[in-house]
Structures are given as structure tokens and as C-alpha cells.
Amino acid sequence: MPKALKIRNLLLRPHSTIKALKAVSAARAAARQHDWKTAREHYAQALAYNPDQARIWIQYGHALGHMGQASEAMQAYARGTAMVPSADSFLQLGRSYKILG
């Protein structure tokens, strides 16, 4: 996609979507540093702005899982999987079930 079209699309997005994108960006930066608490907080913020994004639910689940919150991670994976079933979402959901027994 040409850069001008990307910029145009960003400008036309609702304000809440832009805030969600910024929160996801901050969450990914924190996750790269293995700062799971900060990543979780930013993913939660992104979901508050845009709760219909399955990928954010899956990433939120990753952060929760890394923090040892398997039950909460499973709930996040289940929500993301219900929205957009994918191999990754089912894999993560299955891992959560395995951890919880």
C-alpha cells in the first residue's frame, strides 16, 4: 500500500482506533522487553478502545500467560478464538487448557 494511502487511512480512523493502535504499539514494545505487566496494561487499554480485535485478545492472553495467569489467559484466548478462529488461537487456547489441567 502506498505511503500516502496509509496516511489517509490513518487520518480517517476514529480517534479511539488511533488510541488503540498506540496502546498496541506500546504493548508490543513492552513485550519485546519481557515487561509483561506493562504489556498487559497496554493491551487492556487497547481492548477498552477497540474490543472487537481478535488479535489483541490473543496478545493480551500471551501477556497474561507469561505472568502466570493461565485462567485469565485462557479466557482471553477463548474470546479471540470466538471472534476469528485461527490455528494460533486454537493452539494458545489448547496450551492454556493443558496448563490448567
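Author: Buried here means under 20% relative accessible area. Keep in mind that this is a predicted model.

Reader: Okay, the big picture: how many helices and strands are there in the protein chain?

Author: Reading from the N terminus on, the elements go α-α-α-α-α-α. The count for the protein chain is therefore, with helices being DSSP runs of at least four residues, 6 helices and 0 strands.

Reader: And what share of the 101 residues in the protein chain is buried?

Author: A residue goes into this tally if its relative accessible area is under 20%. Taken over the 101 residues of the protein chain, the buried share is 34%.

Reader: Moving on to H4, which of its residues are buried?

Author: H4 takes in residues 54-66, and its 13 residues reach 19 Å, close to the 18 Å expected. Just after H4 comes Gly-68, with a positive phi of about 85°. The buried set of H4 itself is Ala-54, Ile-56, Trp-57, Ile-58, Tyr-60, Gly-61, His-62, Ala-63 and Leu-64.

Reader: How are H4 and H5 oriented to each other, roughly parallel or roughly antiparallel?

Author: Their axes are 8 Å apart and pack at an angle of about 165°. On the H4 side, the residues meeting H5 include Trp-57, Tyr-60 and His-62, and on the H5 side they include Ala-76, Tyr-77 and Gly-80. Angles over 145 degrees count as roughly antiparallel. So H4 and H5 are roughly antiparallel.

Reader: What about H5 and H6, is that crossing left-handed or right-handed?

Author: The axes of H5 (residues 70-83) and H6 (residues 87-100) come within 9 Å and cross at roughly 155°. That angle makes H5 roughly antiparallel to H6. Among the residues making the contact are Met-74, Tyr-77 and Thr-81 of H5, with Phe-90, Leu-93 and Tyr-97 of H6. As for handedness, H5 passes H6 in a crossing that is left-handed.

Reader: Last one: among contacts between residues at least 6 apart in sequence, what share joins residues at least 24 apart?

Author: A contact here takes heavy atoms within 4.5 Å. Of the contacts in the protein chain between residues at least 6 apart, the share joining residues at least 24 apart is 35%.

Key
Residues numbered from 1 in each chain as written. Predicted model: local features only at pLDDT ≥ 70, side-chain atom pairs only at ≥ 80, totals over all residues. Heavy atoms only, no water. Helix = DSSP H or I, 4+ residues; strand = E, 2+ residues; numbered from the N terminus. Expected span 1.5 Å × (residues − 1). Buried < 20%, exposed > 50% of the residue type's maximum accessible area, 1.4 Å probe, protein only. Axes fitted to C-alpha atoms, helices over the stretch in contact; angles between N-to-C directions. Parallel < 35°, antiparallel > 145°, perpendicular 65-115°, else oblique. Left-handed = near helix turned anticlockwise from the far one by under 90°.
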